[in-house]
Amino acid sequence: MAGRSTRSINGSDGSRTAPARAAALADLLHYECSTLLELFRKKENFTEDVADRRMVSVPPPSSQLDTRDKLWRIHSALLQCQKLLEKAVAKEEEELGGGKKGEYENKRKLVKERLPLLILSTGELLKAAEGTTSLTPSVEGLELNVPTNLFDLKLWVYRVYKEVNYWSKTATNTLKDLPSVIVKERARTTRARNRRSTRR
Amino acid sequence: MVSAAVLHLCVLAWVASVLAADDYHLVIAPQSPVVQIGSNFTATCMIINTTEVTADDLYWKFSEIIPKEHYIKINTSALNVTVTIRSEKSEWLLCKCKTVSQYVALNEGKFIHGILLRKGYRPEKPKNLSCIAVHESEKISSNIRCQWEAVGNQTEAVPTSYTLFVRQTGSDKVYTASILGPVNSTTVDMNVFPHHMELEIWVVAQNELGKEESEHLIKLANCFVKTKPPSVTVISEAVFPTSLVMNWTSSIDKLYLETIYEIRYCPLGSQMWIYVPLADTSRYIQSFRLQNLTPDTVYVTQVRCKYNNKNCGYWSDWSRNVTERTPEDLPTSKPDVWIITSAEGINKRQIEFICKDPEVSNGRIRRFNITIEKQKYRIRNGTWEIIPVNRSLTDGSSSKKQFTPLKTIRLDDEESVTVYVTAINSVGASPQAKLIIYRKAREPPAVEKMEVQFLDGQLLISWKSPNRTVSEYVVEWFGDGERNWQRENGKANCSTIKGDLKRFVHYRISVYPIYGKVVGKPVHEQAYAEQGVPSQAPTVNLSGDPGCYTAKLEWDEIPLIKRRGFITNYTIYYRSGTETHGIIVPPNTTSYTLTSLSRNTKYDIWIKASTIRGSVNGSNHSFTTLKYAPGEIEGIVVGVSLGFLFVVLMTMLLCFCKKDVIKDNFWPQIPNPGDSTIGNWSPDYPLKAEAPRENCLSGISVLNVDVCDAKCVFEEDKASLPLKKDKYLSEEHSSGIGGSSCMSSPRQSVSDSDEGGDMADTTASTIQYSSVVASSGYKGQNPSSLPQQSIFSRSESTQPLLDCEENHDTMVQEGSRQCFLRQPCFNHNAGNENATDSNDFNPLEMEQQEVLDFCPLEEDTEHTAPTDCQSDDWIPATVSSYMPQLGGYRPQ
């Protein structure tokens, strides 16, 4: 297909690198998730410190981690967040009913739709840095057992939102710290390595 | 190719098996084909279930029979045809068999088969794919709308559908939307707009003849965003009179979309936008300071934004207009001071100083300061005089078109004056303007050969410069109560009026040379920016009364405001009945005398005023010419009177000259009775004689006289009654013979004075009367016809004579005429004045008859009845009363 192989040169945003765009996306997700949290807190009259326990399980941050590891850590955490969020949204709709679509529901949908985009972006970055896409998120230890008690359910949902908020913020910081040149070089190096291995 | 042929044969076999069941003998493959217009199409017709015919008996028919050169015989039972598809319309392709046997003829329906060719075009690759996501409420719409340019044609039989594909780079998820041509746009819903993600978008055109895919559009999703314009506010700061600060809020959060901006601004009322260079604003900013602006000027500002990417993105619409006025600053130019001069008495002039705001006033002028220096004394007229300017803020934009009256002075023609003016706004004063007016005798020369032309919708004033160096010219125009002026460089010799001149308004254009600061003599011209038809024509009126043949017309000039152009002429129309006449008169005429009119005729008159643009008629006025001119009747009367008088005079003159002839004709000479033989009568002869008395009694004339006399008496002066009574008595005594001698010529009377003086002596106190008494009526003049019995008697009465009798000498002539006048006394009963017609008078007859009329009472009535005395009735009586003395005189 000739059309498929043709790419528009105009499409590339030369002014912003992929990590920067991913960072902007993470920032946007964090902003939207913060809004969602605020809406949920107002909706449920929760205080900020009502839940402060991590749900996502990833290796601890370390200065020793290289770019790929940092990306993998973020990517993994976001994948877990996605699982948790989908579960929370499904459970909330199941338990509390769909009801009228208000600002909270719209924002929740927005976050739910935005999160996969960030995962896609970090995945692309990771793919570019590692040259492989064989990354399977680990869901082990993930609290997918949704409480049946209404309060516990809401608290759990709240914790999920906070977890998404936290990891979007962490992703923003991590992606912003990524040296774009290095990523490009590594990506180029990876592509070259792949081409060489293909020839063999 | 091989596989295609095999497939073709397989299809043919299958179709044949299907059709075999229906006992058809011909079958075409392929069935229901879609063919590409412009390509060659091959079909195969196969004979089945019969040996009656062979492939040689077959033929193909499109709209007409296809020539055999297009056939290819595959075998005895199959025939191919290849045709080029040219038209777009679907057609039937038929395979038919010649009638080669009776069976074929009887089963014709089994030896025909056809297929419908649906024709179309192969789709081509769509071009110019573009997509946009619009800003809805507070977020970017998740709907991405794309449009493309369809290439190539398509037919109704083979339509092309388009499918839009949107995929996020790195994802396998593809959003699609399809649309059937010829529509070339559609929308894809992506649930949420993928900010910061890269999108790959393409469109596929597809129909039954093929599929083509456009180039893939790979861009960041934000490149497709068109945001709403930002909300803008503008602030002015008093300390920066030449700048404004713009602040705005982006319509979308930076987290979604980082935007850059573009700014434009212009003074209020201007259509020329000034753009701030993009280099200054192509970054994410939310305020900007506009600089190098004009103080005290209202500016309109606008901002727009787009995604911060130099290679892509859509600019938003411009924000709404935001206006702000820059702060005021010191006026930096001089006020434009000027004068209005008018004569004021003898050797004096009135000068009004007027002033426009400085060209660069940098704010609203609050007041003017003026001081006047009379150069005769070389002293300034006191301190600065403050002239406040009462002008509202809303007038600011038009302040330059207005002027402010400053001061009016009266100046001798021998005086010179210098005026100094400054303009003050809220910040401070302007530089000083100066103007010098010389004494009239020393006014510098004017320009020469000034002309005003209307060119290209503008008034062009040209002039020839004076011989002296002119620093500048002032071109002034005044019309419709408005005055304005403009200044031109001293080297200019023409100028176009920049002010807004009104159409159809009369302007007086003046050019003043300015020598240094000294105002020179002006030159004036009249002009119209554009001429039109007068809005009003003069009303024509009569001046005085019309004559028989002339009428003087008057009219007033059209007011300047209603002329709307230079009057080229007036046309006076006058109409009587259906005939209309027109007379063209010059524009400076205000009266005209119509001549060649008809008398006693009604005329309608009106006047038409014309400019180069057209004419307008005035109202009608009617008048009627006179039947007679003044004095004409008087002239006729006088003429006739004079003529009559002339005739009378001529008649009188003729009478005077021909009196003898007239006398002879009308008063023929009566023979003097004194000359007759009867004149030897004696006065002493006794009056009373029996014979006369008897004769008298026997005559009827006496009674007739009495009747007449009685009647006359009553009608005459009764004062004389006693006398008359005496007379009557005496007449009685005289037996009616006392007819007045005045009635007859004294010479005819026996007592005529021709008796001589002796007679007068003897009859000093008595007058003897003679009387001729006819014995009967008319006796005729033939003495022989009847015996004459008349009596001539002489009166012895002593009654004094009447005046007429006393002056008988003078009365001779009159009495000779009046004789006839007295006759009515005899014929009063006739009472007919017509009877006195002189035409009835027959002097010849009288002459022949020689009748002398005697009337005894005539002496009493001679003055009271001076009427005509000739009548037909009279004649017999006269004849009877006078008889020629044929019978001789018989003494009494």
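How many bridges pair β5(B) with strand β6 of chain B, and in which sense? I started the notebook with this pair. The model is predicted, and I kept that in mind for every entry. β5(B) and β6, residues 78-84, pair in the antiparallel sense over four bridges. I then looked for a bridge partner in β6(B) and found B:Ala78 paired with B:Asn75.

**Entry: the sheet around β5 and β6**

The open sheet has four strands, in the order β1-β3-β6-β5 of chain B, with antiparallel pairing. At its edges I noted β1 (26-29) and β5 (71-75), each of which pairs on one side only. From one strand to the next, the twist averages 25°.

B:Pro30 sits in the loop between β1 and β2 (34-36) of chain B. The peptide bond joining B:Ala29 and B:Pro30 is cis, with omega at about 0°. I marked this one because most peptide bonds are trans.

**Entry: a second sheet in chain B**

I looked up another open sheet, made of three strands in the order β42-β43-β46 of chain B, again with antiparallel pairing. Its edge strands are β42 (541-542) and β46 (591-594), and each pairs on one side only. Strand β43, residues 551-554, pairs with β46(B) in the antiparallel sense over four bridges. Within this pair I found B:Glu554 opposite B:Ser591.

**Entry: chain A**

I turned to chain A and its secondary structure. I found six helices and zero strands, so the pattern along the sequence reads α-α-α-α-α-α. Chain A has 200 residues, of which 44% count as buried. Its accessible surface comes to about 10500 Å², and 47% of that belongs to carbon and sulfur atoms. I also checked how far apart in sequence the contacts reach. Among contacts in chain A between residues at least 6 apart, 87% join residues at least 24 apart.

**Entry: aromatic rings**

I counted ring pairs over all chains and the count comes to 21. One pair I looked at is B:Trp148 with B:Tyr162. The ring centres are 5.4 Å apart and the planes stand at 45°, so the pair is tilted. B:Trp148 lies in strand β11 (residues 143-149) and B:Tyr162 in strand β12 (residues 161-168) of chain B, so the pair ties together parts that are 14 residues apart in sequence. Both B:Trp148 and B:Tyr162 are buried.

In chain A I noted a cluster of rings. Ring pairs link A:Phe40, A:Tyr104, A:Tyr158 and A:Tyr161.

**Entry: B:Pro194**

Leaving aside neighbours within four places in sequence, B:Pro194 is in contact with A:Arg114 and A:Leu117 in chain A, and with B:Gln168, B:Leu199 and B:Ala221 in chain B. I also looked up the distance to B:Ile140, 54 residues away along the chain. The C-alpha atoms of B:Pro194 and B:Ile140 are separated by 9.4 Å.

**Entry: two residues with positive phi**

Most residues other than glycine have a negative phi, so I wrote down two exceptions. B:Asn292 is not a glycine, yet its phi is positive, at about 55°. B:Asn292 lies in the loop between β23 (287-290) and β24 (298-307) of chain B. With a relative accessible area of 74%, B:Asn292 is exposed.

B:Lys449 is not a glycine either, and its phi is positive, at about 50°. B:Lys449 lies in strand β34 (residues 448-455) of chain B. The relative accessible area of B:Lys449 is 64%, so this residue is exposed.

**Entry: confidence**

I ended with the predictor's own scores. For the complex, the predictor gives an ipTM of 0.82 and a pTM of 0.59. Chain B averages a pLDDT of 76, and 71% of the residues score at least 70. Where pLDDT is low, the predicted coordinates should not be read in detail.

Methods:
Residues are numbered from 1 along each chain as its sequence is written. Chains are lettered from A and ligands numbered from 1 in the order in which they are written. This is a predicted model: local features need pLDDT of at least 70, side-chain atom pairs count only at pLDDT 80 or more; totals for chains, interfaces and linings use all residues. Side-chain values use heavy atoms; hydrogens and water are left out. Buried means under 20% relative accessible area, exposed over 50%, partly exposed in between (1.4 Å probe, protein chains only). Contact means heavy atoms within 4.5 Å. Accessible areas come from the Shrake-Rupley method with a 1.4 Å probe; for residues, only the protein chains shown count as cover. Two strands pair if DSSP finds at least two bridges between them. Axes are lines fitted to C-alpha atoms, for helices over the stretch in contact, and angles run from 0 to 180 degrees between N-to-C directions. pLDDT is the predictor's confidence in each residue, from 0 to 100. Rings of Phe, Tyr and Trp (its six-membered ring) pair if their centres lie within 6.5 Å; planes under 30 degrees apart count as stacked, over 60 as edge-to-face and the rest as tilted.
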